[in-house]
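This report describes a protein chain together with an RNA strand. The sequence and the structure are shown first, and the description follows.

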Amino acid sequence: MLQVSVIREHRETVLTGLKKRGLNAESLIDEAIRLDDERKKSQQLADDLKSKSNAESKRIGELMKSGKADEAASLRAAIASDKDAIKKHEDDRALYEDQLLKHLYKIPNVPHAKVPAGKSAEDNINVHQHGTIPTLDADALPHWELIKKYDIIDFDLGNKISGAGFPVYKGKGAKLQRALINFFLQEAEQKGYREIQPPIVVNEASGYGTGQLPDKEGQMYFVTEDGLYLIPTAEVPITNLYRDVMMSENDLPVKNAGYTPCFRREAGSWGAHVRGLNRLHQFDKVEIVQITKPEDSYATLDEMCLHVQGLLEKLELPYRKLLLCGGDMGFNSAITYDMEVFSAAQQRWLEVSSVSNFETFQANRLKLRYKTKDGKTQLLHTLNGSALALPRIVAAILENNQTKTGIKIPKALVPFTGFDVIN
RNA sequence: AGAGGAGUGGCAGAGCGGUCGAAUGCGGCGGUCUUGAAAACCGUUGAACCGCAAGGUUCCGGGGGUUCGAAUCCCUCCUCCUCUGCCA
């Protein structure tokens, strides 16, 4: 959520920024300012009347104490009419405040200067590419065939016990999952991240904190009985750890990493080329989350990207790094880099990581702040990235590393799997 | 899940209708003393909103109510503790 003060002071910058998302936000912005003006007006009116009535209440107390009950009674009567007026102005203020909040929820984050304008994935910029695209034999199989051939991941069983998009990992398939999770967590730890194991259901307030609500409730599984959401990513619980927190400068930057299963309803997004592991309702992911001072967040973004790139290089997967254009970027993000690996049998790039800087957009909702040396309270910057999401990594490893005698496990992973081939 | 108790400032803890944004202690910050440090002493020390400022308003777990006036009374929700039950 953008700050109204920022919208006021940098109206033009906000507008030109939002244009890169293909959004003409003029009326949105002006409405926000208008609602804020109304809010201020109502508060001022209420405050003045309250100030008056507080003083009079105090006076009544004094009169009672000194035994002038009749004077107190007449003053009491005089106050009555102010009460209604106060109530009215307070109700107004609450109403405007609520409208303002709901209104601000509709305005996406302002893209960073680097972010190119654009409508869709077509307009993303390939900023880096690494590794060589493997050439496979003519009879090479896509991963959804390979998992059957080696009996390591079973969609039919998942269908039976849960439904579509909930695969069952078996034998070396299950071990590969566990190995990847451990590998990713260990790599994160070596980069100074603290491991977190958060709950995988969260309350409504957390959904608002990181910006999944109010927009995207349809994307999350919801436990109606208890009013809880299954997390779509560890970003939600891990970032919300810092909701309503005043950090001290010494504690920054915060570097947390966590493995969780992630749940996505993906309502309506199933199409022809989301077979196999390409898109699931439940998948595993290690997420890295950082909280930094504003002036540090862009260096941190680079650091996080390099970490993710390092993982892909250790896994020997060819990848490219995309700078997302305004139109393809998430609602909350100021800048996002996507990492895509090449899955050789499908002949497709698959997104395996998304690294974003939210600047103060989440921190504003979260009320996540810190005190500067000169005593000023300031919003922090939040960042996160997948490091990494498992299923598409598995898809690429299976497809790219298939041989006549089985699937070769990347060297870096062998200490974690305990085997070097799936056959 | 049932019965009982409790939620106050960074922490501990008093207050239980008016002068309470809140005693006191600890911690933090500044100072005196000291070659330096400790101790002692003095001062200071929450946040949000409105306002150029002076200042005003709000916040004692969340929400609602009673009252001229609520940290204090009532309702409700949440959380924690104790006992009983259940359970990986």
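How do the residues of the surface near RNA strand B divide into nonpolar, polar and charged? In this predicted model, that surface holds three nonpolar, eight polar and six charged residues.

The most is given by α3, with 13 residues.

## Overall organisation

Chain A has 423 residues, of which 39% are buried. Its secondary structure consists of 13 helices and 19 strands, and its C-alpha trace spans about 100 × 45 × 45 Å along the principal axes. When contacts between residues at least 6 apart in sequence are considered, 74% of them join residues at least 24 apart.

The chain is divided into domain 1, covering 4-104, and domain 2, covering 121-422. The centres of the two domains, taken over C-alpha atoms, are separated by 43 Å.

## Helix α2

Helix α2 comprises residues 11-19, and V14, G17 and L18 within it are buried. Because the buried residues fall within an arc of 95° when seen down the helix axis, they line one face of α2. The cover over these buried residues includes α1 (4-9) and α3 (26-65).

## Strand β16 and its partners

Strand β16, residues 381-389, is mostly covered, with nine of its nine residues buried. Strand β10 (residues 282-292) runs antiparallel to β16 and is joined to it by seven bridges. Within this pairing, I288 has G385 of β16 as its bridge partner.

Strand β13 (residues 348-359) also pairs with β16 in the antiparallel sense, over four bridges. Here S356 stands opposite N384 of β16.

## The sheet β17-β18-β19

Another open sheet is formed by three strands in the order β17-β18-β19, with antiparallel pairing.

Strand β18, residues 406-408, pairs with β19 over two bridges in the antiparallel sense. The bridge partner of I407 in β19 is I422.

## Backbone details

Two cis peptide bonds may be noted. One runs from L213 to P214, with omega near 5°, and P214 is placed in the loop between α8 (204-210) and β6 (222-223). Another joins L252 and P253 with omega at about -5°; P253 is found in the loop between β8 (246-247) and β9 (254-263).

Positive phi values occur at two glutamates. E316, although not a glycine, has a phi of about 60° and is located in the loop between α10 (297-314) and β11 (319-323). E316 counts as partly exposed because it has 17 C-beta neighbours inside 10 Å. E359, likewise not a glycine, has a positive phi of about 50° and lies in strand β13. With 24 C-beta neighbours inside 10 Å, E359 counts as buried, the threshold being 20 or more.

Methods: Residues are numbered from 1 along each chain as its sequence is written. Chains are lettered from A and ligands numbered from 1 in the order in which they are written. This is a predicted model: local features need pLDDT of at least 70, side-chain atom pairs count only at pLDDT 80 or more; totals for chains, interfaces and linings use all residues. A residue is buried if 20 or more other C-beta atoms lie within 10 Å of its own, exposed if 12 or fewer, and partly exposed in between; C-beta atoms are placed from the backbone. The arc is that of the directions from the helix axis to the C-beta atoms. Two residues are in contact if their C-beta atoms, placed from the backbone, lie within 7 Å. Domain bounds come from an automatic or database domain assignment. Two strands pair if DSSP finds at least two bridges between them. Ala, Val, Leu, Ile, Met, Phe, Trp, Tyr, Cys and Pro count as nonpolar, Asp, Glu, Lys and Arg as charged, and the others, Gly among them, as polar.
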